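Welcome! Please take a moment to look over the sequence and the model, and then read on for a short tour.

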Amino acid sequence: MRITVLTGAGISAESGLATFRASDGLWEEHRIEDVASPEGFVRDPDLVHRFYNDRRKGAAAAQPNAAHRALAELAGRHDLTLITQNVDDLHERAGSPDVIHMHGSLSTALCASCGHRWPAPAEMSPQTPCPSCAALAARPDIVWFGEMPYHMERIWAALEDCDLFAAIGTSGNVYPAAGFAQHAGRMGANCIELNLQNSATSRDFDHHIRGPASETVPGWVA
Ligand code: BV8
């Protein structure tokens, strides 16, 4: 059976990483849309680097939970495509072999001048030079609002080919990810939503499993 899974911030909540909704979309009284945006980066690159340095530190201190581990184990038994909206590396550290980070990753830095990518240092700043072209144009390798998510061709193919689509811990507020269940369902997939509560797109799913991911995901993959 071909399975495509999409995860959101809710799968990392029990690892101690705040979700966007839980933080009321705020970080240090800044609206996340203002920080996680190209305009926000141009306006105040130091603030945006601090925001991601903070999250990079939090992610490094967090541990994968039973939900991350259950998905890693599932990859060993089924044809699984794992797509995440999350920028942490908890899926990789739980053992998932191939994680599609559609919104980028805290683990890499990107040079806005030459496009070079390299392992992100713990602390980035506007003074972080690109190791390839030496320009002071380093940015977090994150997809901000208004930017094109990564790996979309591969993602559309996985949505169109799968027999089962599962969304775990996502509020269904951000597109194009929020439209994935509808797309997969139209192409014949059975869609299941694992979440604490209803999301903005619960109507797009055939089944709903309610509860914390660290309990529901291991039960679902068993
Ligand atoms: C694009 C990286 C086009 C940053 C992120 C109007 C209509 C439709 C679309 C738009 C529109 N206006 C603008 C748009 C487009 C926009 C968008 O969708 N805006 C929204 C606000 C309306 N989208 C974009 O800009 C995207 N790009 O459209 O590009 C384009 C086309 C061509 C060329 C160029 C461009 C890019 C969006 C990416 C933004 N970057 N992340 C960072 O992380 O710092 S988004 C970020 O927020 C996350 O990645 C994630 O996607 C989103 C948060 O969502 P969730 O992961 O769902 O987290 P949330 O906190 O919301 O929910 C947590 C859930 O977990 C809840 O349901 C909760 O119940 C559950 N939960 C909690 N605890 C648990 C749990 N579940 C289980 N167990 C638990 N323990």
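Tyr 52 has a relative accessibility of 2%, so Tyr 52 counts as buried (buried means under 20% relative accessible area, exposed over 50%, and partly exposed in between, with a 1.4 Å probe and protein chains only). This is a predicted model, in which local features need pLDDT of at least 70 and side-chain atom pairs count only at pLDDT 80 or more, while totals for chains, interfaces and linings use all residues. Residues are numbered from 1 along each chain as its sequence is written, and side-chain values use heavy atoms, with hydrogens and water left out.

Tyr 52 sits in helix H3 (residues 45-61), and Arg 55 belongs to helix H3 too (helices, H or I with at least four residues, and strands, E with at least two, are DSSP runs numbered from the N terminus). Arg 55 is partly exposed, at 24% relative accessibility. UniProt, in an unreviewed entry, lists Tyr 52 and Arg 55 under "binding site"; UniProt positions follow the numbering used here, feature names are shortened, and annotations may be inferred rather than shown by experiment.

Leaving out residues up to four places away in sequence, Tyr 52 touches Ala 36, Leu 106, Pro 140, Ile 142 and Trp 144 (contact means heavy atoms within 4.5 Å). With that same exclusion, Arg 55 touches Phe 20, Val 87 and Leu 106.

Another "binding site" annotation from the unreviewed UniProt entry covers Cys 111, Cys 114, Cys 130 and Cys 133. They are spread over 23 residues of sequence, yet cluster in space, with a largest C-alpha distance of 8.5 Å.

Where does Cys 111 lie? Cys 111 is part of strand S6 (residues 104-111), and Cys 111 is buried at 2% relative accessibility. Cys 130 lies in the loop between strand S7 (117-119) and strand S8 (138-142); Cys 130 is buried as well, with a relative accessible area of 3%. Beyond neighbours within four places in sequence, the contacts of Cys 130 include Cys 111, Cys 114 and His 116.

## The open sheet

Six strands form an open sheet with parallel pairing, in the order S5-S4-S1-S9-S10-S11 (two strands pair if DSSP finds at least two bridges between them). Strand S5 (99-101) and strand S11 (207-210) stand at the edges with a single partner strand each, so one side of each has no neighbour in the sheet.

Strand S1 (residues 2-7) pairs with strand S4 (residues 79-84) in the parallel sense over 6 bridges. Thr 7 has Thr 84 in S4 as its bridge partner.
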